[in-house]
Amino acid sequence: MHITVKLDDMLYARRMTLTDLADKVGITLANLSILKTGKAKAIRFSTLAAICAALECQPGDLLTFKTE
Amino acid sequence: MPRQQHLFALTHWLVKAATWLSILLSTVLVLALAGVVVAAMNLDGNHLGIPAEIEGVARGAALEIAAAAVVAGLCCVVLVVFTFRAIEGIVDTAISGDPFVNENADRLARVGWLLLALSGVGFVAGGVIKLMVEHLVPANLHHHVDFGFGTSPSELLVVLLVFVLAQIFRRGSEMRAELEGTV
């Protein structure tokens with residue numbers, strides 16, 4: 001039971017690199033990498049809001065809940 | 001170097017010095033205990049130059065009280081050395097910039113137990129030595145024999161505080177671990 005972050009898919013859809021997103025959002029590349037690779041234990045609402053604003057999407061477009 | 005780091009560095013050296021002084025003191029106490037044992041084994045002979053009465057107290061009684069005091073003192077010093085070692089560990093992590101780790105909660109809890117044991121040794125030794133003095137020393141000399149063993153409510157309050165701090169530290173280190181994975 002876990003949450004996966006579909007950051008890769010969203011970046012591909014927006015033709016954007018992780019570095020571009022890091023510049024736009026103001027979060028370090030290292031932290032975005034943690035998020036992208038699913039190593040993050042939690043995400044702040046402020047981070048989620050900044051990513052959604054940069055990618056012009058909703059939180060639901062970025063996060064998926066899986067039962068196993 | 002920030003002010004906090006100066007404080008940690010000073011504490012580190014003070015604790016280190018106190019540890020070495022305590023180890024030195026324990027060596028002196030071991031030698032004192034050996035001296036008391038040797039003297040007790042030669043109670044009948046006077047070749048060691050110990051008078052039959054020390055300050056009005058019979059030689060045998062004085063040696064028994066001294067042995068009890070030295071053993072209790074040695075126990076206290078050993079406990080103090082372990083306490084200083086634990087404090088040094090905590091200060092070292094503070095100097096390295098990462099004090100909120102589970103190990104420090106364990107160290108604080110250990111300090112709590114050691115202080116409780118120290119208080120216990122003081123209480124037992126104080127009681128035993130008082131009983132010995134009452135039985136072995138003439139009543140008019142009781143006030144002369146005082147090694148300062150005992151315990152006080154404030155010591156127990158400190159022990160309680162250290163245990164509470166250990167739990168707070170444990171929770172803090174858990175929160176820190178959680179925060180580390182937060183983006």
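**Exercise 1. Find what the charged end of Arg15(A) sits over, and place Arg15(A) in its chain.**

Step 1. The charged end of Arg15(A) sits over the ring of Tyr12(A), 4.8 Å from the ring centre. The test asks for NZ of Lys or CZ of Arg within 6 Å of the ring centre and within 35 degrees of the ring normal.

Step 2. Arg15(A) belongs to the loop between helix H1 (7-13) and helix H2 (18-25) of chain A. Helices (H or I, at least four residues) and strands (E, at least two) are DSSP runs, numbered from the N terminus.

Step 3. Arg15(A) is exposed because its relative accessibility is 64%. Buried means under 20% relative accessible area, exposed over 50%, partly exposed in between (1.4 Å probe, protein chains only).

Step 4. Check the backbone. Arg15(A) is not a glycine, yet has a positive phi of about 55 degrees. Most residues other than glycine have a negative phi.

A note on the model: it is predicted, local features need pLDDT of at least 70, side-chain atom pairs count only at pLDDT 80 or more, and totals for chains, interfaces and linings use all residues. Residues are numbered from 1 along each chain as its sequence is written, chains are lettered from A and ligands numbered from 1 in the order in which they are written, and side-chain values use heavy atoms, with hydrogens and water left out.

**Exercise 2. State how confident the predictor is in chain B.**

Step 1. Chain B has an average pLDDT of 87, and 92% of the residues score at least 70. pLDDT is the predictor's confidence in each residue, from 0 to 100.

Step 2. Now go by element. In chain B, helix H3 (residues 102-136) has the highest mean pLDDT (92), and strand E1 (residues 53-54) the lowest (70).

**Exercise 3. Describe the aromatic pairs in the whole structure.**

Step 1. The search finds two over all chains. Rings of Phe, Tyr and Trp (its six-membered ring) pair if their centres lie within 6.5 Å; planes under 30 degrees apart count as stacked, over 60 as edge-to-face and the rest as tilted.

Step 2. Phe100(B) and Phe169(B) are stacked, at 5.5 Å centre to centre with 25 degrees between the planes. Phe100(B) is in the loop between helix H2 (59-95) and H3 of chain B and Phe169(B) in helix H4 of chain B, so this pair ties together parts 69 residues apart in sequence. Phe169(B) is buried at 18% relative accessibility, while Phe100(B) is partly exposed at 42%.

Step 3. Trp113(B) and Phe163(B) pair edge-to-face: 5.1 Å between centres, 70 degrees between the planes. Trp113(B) is in helix H3 and Phe163(B) in helix H4 of chain B, so parts 50 residues apart in sequence are tied together.
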